[in-house]
Amino acid sequence: MSGYQGKKNIPRITSDRLLIKGAKIVNDDQSFCADIYMEDGVIKQIGENLIVPGGVKTIDAHGRMLMPGGIDVHTRFQMPDRGMTSADDFYQGTKAALAGGTTMIIDHVVPEPGVSLMSAFEQWREWADSKSCCDYSLHIDITEWHRGIQEEMETLVKDHGVNSFLVYLAYKDIFQLTDAQVYEVFSVIRDLGAIAQVHAENGDIVAEEQRRILEQGITGPEGHVLSHPEEVEAEAVNRAVTVANQTNCPLYVTKVMSKSAADVIAQARKKGTVVYGEPITASLGTDGSHYWSKNWAKAAAYVTSPPLSPDPATPDYLNSLLSCGDLQVTGSAHCPFNTAQRAVGKDDFTLIPEGVNGTEERMSIIWDKCVVTGKMDENQFVAVTSTNAAKIFNLYPRKGRIAVGSDADLVLWDPDVTKIISAKSHNSAVEYNIFEGLEVRGGPLVVISQGKIVLEEGALHATEGSGRFVARKPFPDYVYKRIKARSKLAELRGVPRGLYDGPVCEVSVTPKTMTPVSSAKTSPAKQPNQPVRNLHQSGFSLSGAQIDDNIPRRNTQRIVAPPGGRANITSLG
């Protein structure tokens, strides 16, 4: 079947066989020049002077870089929020992803409290199967915790191709779990061979800060960043690392937005913790100065949690950590709402629906900020945009690599093309683009998904519903080899010793009574009655004679009772 193009209303039919000649193939570990032949969505041959069937569509790469398609590890397409839905559904969102060189996304399933994990998973599958234009997989967010959830997690891992679950340390009284619950969830995740993801912010402090800032009369989007100070993100990352260490569970921190949070991850890795950090397009490409924009709609477009850092040096710092390996993967957390939806919070910043764009811009922004500046080479670029994600989530080498047998998800990359990002030309359904006016160098010339050309000469040919759900197996080697080694070392042993047979003091344990805050003004619990001193008896006489004159004197007198300790202060010795 050739690249037949009929009348405009007939869908474009692309060949299932494709040859790319003269490409510089770029993997995370090496680059080399070769031709590549693909058929039925899979790479069949790589080399020179390939023998291929006749009538195959051929693309001449002219020595340009051919990379594995990008994997956006964090999207929230079609995200429900209080009866609203985020602006980009799975069709619009995956179309934008393909336009930017991303050929696979991993979306987050968010069960409403009270809804089972399986029901939510099936709902997301239904939405994505009918609309997604590229391959996809799903993370599951744990929004409450009880034994029934554990059983569902086991079913999802064993029968439904899920190997990652996210817990929230934020969103008090909605999604937030206690530290003890997080410990339990991480223990279950480790036993299942999955990856524990965490949204890291201290929800208790955020809730108090939100109340305090609203009481001061600050209601605009700047209140969002003021109530989510950077250290509450860093503190929560540190807490998550601690729980992960105690449970020997691999940890994956989503949405690394600040320098201090990134530093906690980098330090933990230096000490050997199995932890991965995911900065997003927004934190790598812009900052939080926009929250103070005089234009409310523009300021509100940047609202996401954790927020963008107001420190303008943050993006460069995060790009440096991404380049040196302290941060490993990149997502977009793409979840934009339109202005009318955001306006639900026009009088109260806590009601603004959260989320920013970034799935289309991700690869170009990282190329511009990291490769053009000399922080990383093209192999490291492939690692942070696809390969590391594929390894962590057990998609490798089907995804994230150009090799015989791998999926034909490819990007022919032009390192020199320049583009000014704008809402006028982007593929998202929102009026604002948080990178508006940013000029970036580097972008996709041709994008191939499942062996079919979906972007060529600036034209997008995405097919609604063509994306496949990609199941992921548990215990990815890249992550669990180290976890298994640690579990052998971590076996605790008691000290062999004889039984203690000496005296044992008797104690009376008083149960701790919890006093409600509201009853703080009531009388405290009655103390046990102390001996009452007879005030009519006195040991003092004006004559100079004392009641204890008959007791022989000692040079010093030791007072056994501490001050205020015994009621009868005349009883000494």
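Biologist: What are the ground rules on numbering, pLDDT and atoms?

Modeller: Residues are numbered from 1 along each chain as its sequence is written, and side-chain values use heavy atoms, with hydrogens and water left out. The model is predicted: local features need pLDDT of at least 70, side-chain atom pairs count only at pLDDT 80 or more, and totals for chains, interfaces and linings use all residues.

Biologist: Which element gives the most to the lining of the largest pocket?

Modeller: A pocket is an open set of points on a 1 Å grid over the protein atoms alone, with protein on both sides within 12 Å along at least five of seven lines; lining residues have an atom within 4 Å of a point. The largest pocket has a volume of about 850 Å³, a volume being the space filled by probe spheres set on the points, which are joined across faces, edges and corners. Strand 7 (80-81), helix 5 (203-215) and strand 13 (251-256) each give two or more residues; helices (H or I, at least four residues) and strands (E, at least two) are DSSP runs numbered from the N terminus. The most, 4 residues, comes from helix 5.

Biologist: Which residues are closest to the centre of the largest pocket?

Modeller: The lining has 18 nonpolar, 11 polar and 9 charged residues. Here Ala, Val, Leu, Ile, Met, Phe, Trp, Tyr, Cys and Pro count as nonpolar, Asp, Glu, Lys and Arg as charged, and the others, Gly among them, as polar. Of the 38 lining residues, the closest to the centre are Asp81, Tyr171, Ile174, Phe175 and Glu354.

Biologist: What is the volume of the largest cavity?

Modeller: A cavity is a set of grid points where a 1.4 Å probe fits but cannot get out. There are 4 cavities of 30 Å³ or more. The largest has a volume of about 90 Å³.

Biologist: Which residues lie nearest the centre of the largest cavity?

Modeller: Helix 10 (296-300) and helix 12 (339-342) each supply at least two residues of its lining. By class, the lining divides into 9 nonpolar, 4 polar and 2 charged. Of the 15 lining residues, those nearest the centre are Ala301, Phe337, Arg342, Val430 and Tyr432.

Biologist: Is helix 1 oblique or parallel to helix 2?

Modeller: Axes are lines fitted to C-alpha atoms, for helices over the stretch in contact, and angles run from 0 to 180 degrees between N-to-C directions. Under 35 degrees counts as roughly parallel, over 145 as roughly antiparallel, 65 to 115 as roughly perpendicular and the rest as oblique. Helix 1 (residues 90-99) and helix 2 (residues 117-131) pack at about 60°, with axes 8 Å apart. Helix 1 is therefore oblique to helix 2.

Biologist: Which residues of helix 2 does helix 1 meet?

Modeller: Contact means heavy atoms within 4.5 Å. From helix 1, Phe90, Tyr91 and Thr94 take part. Their partners in helix 2 are Trp124, Trp127, Ala128 and Lys131.

Biologist: Which residues of helix 3 does helix 2 meet?

Modeller: Helix 2 and helix 3 (residues 147-159) pack at about 40°, with axes 9 Å apart. That makes helix 2 oblique to helix 3. Leu117, Met118 and Phe121 in helix 2 meet Ile149, Glu152, Met153, Thr155 and Leu156.

Biologist: Which residues of helix 13 does helix 11 meet?

Modeller: Helix 11 (residues 314-324) and helix 13 (residues 362-371) pack at about 85°, with axes 10 Å apart. They are therefore roughly perpendicular to each other. Asn319, Leu322 and Ser323 in helix 11 meet Ile366, Lys369 and Cys370.

Biologist: Where does Pro397 lie?

Modeller: The peptide bond from Tyr396 to Pro397 is cis, with omega near 5°. Pro397 lies in the loop between helix 14 (378-392) and strand 15 (410-420).

Biologist: What is omega for the bond that joins Ser305 and Pro306?

Modeller: Pro306 lies in the loop between helix 10 and helix 11. The bond from Ser305 to Pro306 is cis, and omega is about -10°.

Biologist: What is the phi of Asp40?

Modeller: Asp40 lies in the loop between strand 2 (31-39) and strand 3 (42-47). Asp40 is not a glycine, yet its phi is positive, at about 55°.
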